[in-house]
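Please have the model open while reading.

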Amino acid sequence: REALPGDQFELFYQPLVSLRHRRVVALEALIRWRHPVAGMVPPDRFIPLAEELGLIVPIGEWVLRTACATAVLWPASVVVAVNLSPVQFLQPGLLDMVQAALADTGLPAERLELEITESVLLADSRATLETLHALRAQGVRIAMDDFGTGYSSLSYLRRFPFDKLKIDRSFINGLGDFEESGAIVRAIAALGQSLGMATTAEGVETQVQLERLIADGCTELQGFFFSPPCPASDIPRLLAEGAARHAA
Ligand code: C2E
Ligand code: CA
Ligand code: CA
């Protein structure tokens with residue numbers, strides 16, 4: 001309750017690298033809580049509680065506004081990805097909130113990507129689907145996060161035309177150790193290609209994984225191999241270094 005008024009939240013950003021464009025095409029905003037006593041608190045430690053208390057609604061609005069205001073300063077070819085909690089969809093004002101954040105910061109809708117998990121669609125509410133369609137009609141992209149870990153991810157692909165599938169880290173982690181992981185990653189990449197959806201492999205940590213994922217047909221990669229999440233102040237340098245490497 002004190003973190004938001006106390007200005008204790010901070011956004012870090014982690015790059016998503018496109019294999020086709022060979023550059024950083026997006027940065028995912030990831031929240032941290034700089035607690036005066038406990039130090040840096042990761043989101044897994046407070047997001048579930050914020051959801052339970054309903055505090056995720058004002059926190060989520062702060063995240064979106066801060067991410068949009070930051071992204072406006074980046075090159076126009078770079079998108080910002082923001083995580084949305086299912087609880088934010090239970091509120092009627094989500095569409096208005098997103099529109100206001102874009103209008104107030106001046107970020108074009110095409111430069112915003114919203115990441116949702118299948119739990120958003122679990123309730124199968126018409127209001128949720130309408131909100132998603134309305135956001136997409138404005139130009140905002142919608143990505144399905146943690147794909148492959150839920151109850152029936154595949155059925156949701158028929159219900160909404162996602163722009164992107166983010167393949168859960170557990171499958172990338174298992175590459176090399178479990179033959180099944182490779183088969184699953186290849187299947188998701190092929191599915192994405194058939195459906196016209198980008199496929200991002202999350203949690204890429206090693207060169208071996210990188211090579212497997214390229215061979216398996218993923219279109220984007222994200223993970224410590226490229227960069228951990230970084231403070232906003234590091235992003236201009238990170239983008240410039242990436243561009244220089246590409247030129248070389
Ligand atoms: P996520 O959306 O799946 O985010 C990816 C998580 O994987 C991040 O953890 C990131 O730091 C971590 N990660 C990235 N690359 C690697 C890698 O190569 N190896 C490993 N081991 N981990 C990697 P983080 O920042 O702790 O965030 C955890 C979760 O908290 C996120 O999972 C997301 O579900 C949630 N979250 C973060 N920020 C927000 C937010 O602003 N709003 C909401 N609603 N949820 C958020
Ligand atoms: Ca995410
Ligand atoms: Ca994820």
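The text below covers the metal sites, the ligand contacts and the cysteines.

This is a predicted model: local features need pLDDT of at least 70, side-chain atom pairs count only at pLDDT 80 or more, and totals for chains, interfaces and linings use all residues. Residues are numbered from 1 along each chain as its sequence is written, chains are lettered from A and ligands numbered from 1 in the order in which they are written, and side-chain values use heavy atoms, with hydrogens and water left out.

**Calcium sites**

Donors are N, O and S atoms within 2.8 Å of the metal (3.2 Å for Na, K and Ca); water is not among the atoms, so sites may look incomplete.

| Ion | Donors | Distances |
|---|---|---|
| calcium ion (ligand 2) | Glu28 (OE), Asn83 (OD1), Glu115 (OE), Asp145 (OD) | 2.1 to 2.3 Å |
| calcium ion (ligand 3) | Asp145 (OD), Asp146 (OD), Glu202 (OE), Glu202 (OE) | 2.2 to 2.4 Å |

Asp145 bridges the two ions, ligand 2 and ligand 3, which lie 4.1 Å apart. For ligand 3 the spacing reads D-D-x55-E. Asp146 belongs to strand S6 (residues 141-147), while Glu202 is in the loop between strand S8 (198-201) and helix H10 (207-216), so the pair links parts 56 residues apart in sequence. Helices (H or I, at least four residues) and strands (E, at least two) are DSSP runs, numbered from the N terminus.

How accessible are these donors? Buried means under 20% relative accessible area, exposed over 50%, and partly exposed in between (1.4 Å probe, protein chains only). Asp145 is buried at 9%. Glu202 is buried at 11%. Asn83 is partly exposed at 29%, and Asp146 is partly exposed at 30%.

**Ligand 1**

Asn83 also has a polar contact (a pair of N or O atoms within 3.5 Å). An N or O atom in the Asn83 side chain is 3.1 Å from an oxygen atom of ligand 1. For the side chain of Arg169, the distance to a ligand 1 oxygen is 2.7 Å. Phe224 uses a backbone N or O atom, 2.8 Å from an oxygen of ligand 1.

**Cysteines**

How many disulfides are there? A disulfide is a pair of cysteine sulfur atoms within 2.5 Å. The count is zero. For Cys68, the nearest cysteine sulfur is that of Cys230, 20 Å away. Cys68 is buried, at 0% relative accessible area. Cys218 is buried too, at 5%.

Note on methods:
Polar contact = N/O pair within 3.5 Å; in protein donor to acceptor, adjacent residues only side chain to side chain.
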